[in-house]
Amino acid sequence: MRKIVRSCLLLLCIMALPLAVQAGPLGIAGEYNVFMFDDIEQYGTDVEGRVAAGGDVTYGKADKVVGGKVVKANGFSVASKVQDTQGLADLVVGKNVRLKNGSVGYFGKENSGAPEYQKGVVNWGGKAAIASDVGYDKNKSGPGNPINFTAEQKYLTTMSSNWGGLSANGKTDFLYDQNKLYSIQLTGNNNSLNVFSLDATKIGQNLGFYIDAPLTSTVLVNITGATASLINFGFYFKDYENKIPDSDYIPGSSEFYPNSNILFNFLDATLLTINKIEINGSILAPFAHVDFMKNSHIDGNLIAYSLFGEGESHMELFKGQLPVPEPSTLILLGSGLAGIAALRRRMKS
């Protein structure tokens, strides 16, 4: 009997590994710029990639009349840079969807606002209130929920815990000036994967956040703490390849910064505040409500429990390589990743 069980586990390993390489360690959520297990409420924002949420989704506000004059509300856009649909819906809502003053779909010219664009597909599991001023593909959109959000939540929660349990192989230094922390420096020399551990209480405002690691390696930053804040500081990456002459570090605003290889894993945060910051890398925070404030954006995936705010999400999705889990969780991995194939088949049918 034990031989049969071991044989089955080995077969699952063989079957799941190609899926893991193809789909990526974040599973279905990795295909979406913003992926929430519960609700999303955002105004005046641009999400360059796809969006999915297991609860209710609200995007956009109606114009207001103040003193007899019409005050224009900030519009919204979802999937503004998604050219290749890959058989996936651009906006998937598990429950009710409310859209006003915006669009779902690709714009040929950035922020053009032109009516000529690739209209996107919207799916919802509950009721839809989509205003006439919202652009989307009415023929392909409609009721239906092609994502099992419960399964994805279970999978990503497990993976967050697994990755959080990895031993740090990188060094973390805190630099102070007159007893005030002004810089966090992460140093790793592994060519494949560099893992760091941080306490959320150490991440304050007005910091320099420096990462010193091989440019092509995956960087995993595990952050512990019930509440966390990313407010008003900059990211920098060691410039080993002299991408920017006469500079030791690549600033996060640079095209050479390796956003897609960096994952910030908030293991147990229930509240994450993002304000006045450009986050260079992806975020996984399976238990957290995210307050994503104005004048902020993320260059990567934003995966959490729920989301509110005006922050923008840029489509620089996570492409790093993370360890395959132990056999006890491999079945869960296989089911989560295999769901991508089923999802695409349903979208194309």
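Let me start with the side chain of N280, which has a polar atom 3.0 Å from the backbone oxygen of G252, and which also makes a polar contact of 3.0 Å with the side chain of D299. By a polar contact I mean a pair of N or O atoms within 3.5 Å, where, within protein, one must be able to donate a hydrogen and the other to accept it, and where residues adjacent in sequence count only if both atoms are side-chain atoms.

Please keep in mind that this is a predicted model, in which local features need pLDDT of at least 70 and side-chain atom pairs count only at pLDDT 80 or more, while totals for chains, interfaces and linings use all residues. Residues are numbered from 1 along each chain as its sequence is written, and side-chain values use heavy atoms, with hydrogens and water left out.

N280 belongs to strand 26, residues 278–280; strands here are DSSP runs of E, at least two residues long, numbered from the N terminus. N280 counts as buried because its relative accessibility is 1%, buried being under 20% relative accessible area, exposed over 50% and partly exposed in between, with a 1.4 Å probe and protein chains only. Leaving aside neighbours within four places in sequence, the residues in contact with N280 include F235 and F264, contact meaning heavy atoms within 4.5 Å.

That brings me to the aromatic rings. The whole structure holds 12 aromatic pairs, where rings of Phe, Tyr and Trp (its six-membered ring) pair if their centres lie within 6.5 Å, planes under 30 degrees apart counting as stacked, over 60 as edge-to-face and the rest as tilted. The F209 and F264 pair is edge-to-face, because the ring centres are 6.0 Å apart and the planes stand at 75°. This pair links distant parts of the chain, with F209 in strand 19 and F264 in strand 24, 55 residues apart. F264 is buried, at a relative accessible area of 4%, and F264 also pairs with F235 in a tilted arrangement, 5.7 Å centre to centre and 55° between the planes.

Which residues touch the most other members of the largest nonpolar core? They are F264, F266 and I283, out of 62 residues, a nonpolar core being a set of buried Ala, Val, Leu, Ile, Met, Phe, Trp, Tyr and Cys residues joined through side-chain atoms within 4.5 Å. Strand 27, residues 282–292, gives this core its largest share, 5 residues. There is also a second, separate core of 25 residues, with L88, M159, L284 and I303 among them.

Definitions and conventions
Helices (H or I, at least four residues) and strands (E, at least two) are DSSP runs, numbered from the N terminus.
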